[in-house]
Amino acid sequence: MDWEKILDSLAQIREEAAAELAAARQEQQRELWRVKYLGRRGRLAQLTALLAEAPPAMKPRLGQEVNSLKQHLLNLFQERRPTGRPEKGQNLSFPGKEIFPGCLHPLTQTTRLMVNIFVRMGFGVYTGPDMETDYYNFEALNMPADHPARDMWDTFYLNEQHTRLLRTHTSPVQIRVMEKMKPPFRIVAVGRCFRRDPLDASHSPVFHQMEGLMVGSDISFSQLKGLLIYFCQELFGSETRVKFLPSYFPFTEPSAEVSISCVICKGTGCATCGRTGWLEILGCGMVHPRVFRAVGYDPETVTGFAFGMGIERIAMLRHGIADIRFFLQNDLRFIRQLSGSR
Ligand SMILES: [Zn+2]
């Protein structure tokens, strides 16, 4: 074998390879080039195999030259990677492929917004178990077994004796917090709730609530009013009007329902507000003395208020969502529509 000639051919391969790569405009041609020169059975691999047979005197120089050529071709291949270089016929004015990085679920967005308003006012955030006992869900909240108000909160029972159930509201968290803490304190509780409602446009057997509780030595209804008016205007805009109507809940006395001026028609009357101009969004009241007694507080010295609302309802009003089932259907078109809002 003429080793000097092989050495000379290296320069020729170097030139040929560079010219061929420059001519390779498409990815497929580049790949063919790579296989031809740098592949497992390519030109460089053949040369490397030959080295074993070279006479000892030639070996170092040949080895060096072959390695240098190989490195050169690798560099060429890397440098000429056609990144950002338009191929013939490629239209750079086409819009790019949309990448959807994901977003928070609309309910999570609304929950965070609501909770943050109270966090800014010094409220702590608490959660409790979805599975509750009859005691925490009803009894301690002034609803003994024969209380007619229980009919408003029919739920899913987890045992024959009806002592374990899926909570119908977040109010059990109030009891759990009061059992552990001494007044004064202010907290909100958020979480999933369950009721035996058929699924339709405005009812869901699974939904979310946010609940608030403020307890101290001289907490008044006027403080509750001020707090909730502030909350409603933070959430729906400073022009929002807020109305308190007397109501009934077993765990508060007195109790009130709170309505806001309709966010759709601004109070003139539309289909969403049933032509009344008002939307009922939450319930509230002064904590009933029996609830305080149940957790070992003295109602003569301790006062407080509580309020609660459905998060789905608030989110539907914020975004003009007509059907509660959209929250549960996992339809990405729905999620993406609200991905930009916060
Ligand atoms: Zn309206």
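Reader: Into which domains is the chain divided?
Author: This is a predicted model. Its chain is divided into domain 1, residues 3-79, and domain 2, residues 106-337.

Reader: How many Å separate the centres of the two?
Author: The centres of domain 1 and domain 2, taken over C-alpha atoms, are 75 Å apart.

Reader: And what box do the C-alpha atoms fill?
Author: Along the principal axes, the box is roughly 110 × 45 × 40 Å.

Reader: What is in the chain, in terms of helices and strands?
Author: There are 11 helices and 9 strands. The radius of gyration is 36 Å, well over the 20 Å that the globule rule gives for 342 residues, so the chain is more spread out than a compact globule.

Reader: What share of the residues is buried?
Author: Buried residues account for 29% of the 342. As for contacts between residues at least 6 apart in sequence, 65% join residues at least 24 apart.

Reader: Switching to the sheet. In what order do the strands come?
Author: An open sheet of 7 strands runs in the order S1-S4-S5-S9-S8-S7-S6, with mixed pairing. Strand S1 (124-126) and strand S6 (242-249) are at the edges with a single partner strand each, so one side of each has no neighbour in the sheet. On average, neighbouring strands are turned by 25° against each other, direction ignored.

Reader: Which strand does S1 pair with, and in what sense?
Author: S1 pairs with strand S4 (residues 185-194) in the parallel sense, over 3 bridges. Tyr126 has Ala189 in S4 as its bridge partner.

Reader: Which helix packs on the sheet and touches S1, S4 and S5?
Author: That is helix H5, residues 106-119, whose direction makes about 5° with that of S5. Helix H8, residues 221-236, also packs on the sheet, touching S6, strand S7 (252-261), S8 and S9. The direction of H8 makes about 125° with that of S6.

Reader: What joins it to S5?
Author: Strand S5 (residues 206-216) and S9 run antiparallel and are joined by 8 bridges. Glu211 stands opposite Gly308 in S9.

Reader: And how many bridges between S8 and S9?
Author: Strand S8, residues 278-287, pairs with S9 over 4 bridges, again in the antiparallel sense. Met286 stands opposite Phe305 in S9.

Reader: New topic: the backbone. Which peptide bond at Pro184 is cis?
Author: The bond from Pro183 to Pro184 is cis, with omega near 5°. Pro184 sits in the loop between helix H7 (171-180) and S4. Glu253 and Pro254 are also joined by a cis peptide bond, with omega about -5°. Pro254 is in strand S7.

Reader: Why point those out?
Author: Most peptide bonds are trans, and most residues other than glycine have a negative phi.

Reader: Then what is the phi of Arg275?
Author: Arg275 is not a glycine, yet its phi is positive, about 65°. Arg275 lies in the loop between S7 and S8.

Reader: Is Arg275 buried or exposed?
Author: Arg275 is exposed, with 11 other C-beta atoms within 10 Å.

Reader: What about Asn330, where does that lie?
Author: Asn330 lies in the loop between helix H10 (311-319) and helix H11 (332-337). Its phi is near 60°, a positive value in a residue other than glycine. Asn330 is exposed, with 9 other C-beta atoms within 10 Å.

Notes. Residues are numbered from 1 along each chain as its sequence is written. This is a predicted model: local features need pLDDT of at least 70, side-chain atom pairs count only at pLDDT 80 or more; totals for chains, interfaces and linings use all residues. Helices (H or I, at least four residues) and strands (E, at least two) are DSSP runs, numbered from the N terminus. The radius of gyration is taken over C-alpha atoms; the globule rule is 2.2 Å times the number of residues to the power 0.38. A residue is buried if 20 or more other C-beta atoms lie within 10 Å of its own, exposed if 12 or fewer, and partly exposed in between; C-beta atoms are placed from the backbone. Two residues are in contact if their C-beta atoms, placed from the backbone, lie within 7 Å. Domain bounds come from an automatic or database domain assignment. Two strands pair if DSSP finds at least two bridges between them. Axes are lines fitted to C-alpha atoms, for helices over the stretch in contact, and angles run from 0 to 180 degrees between N-to-C directions.
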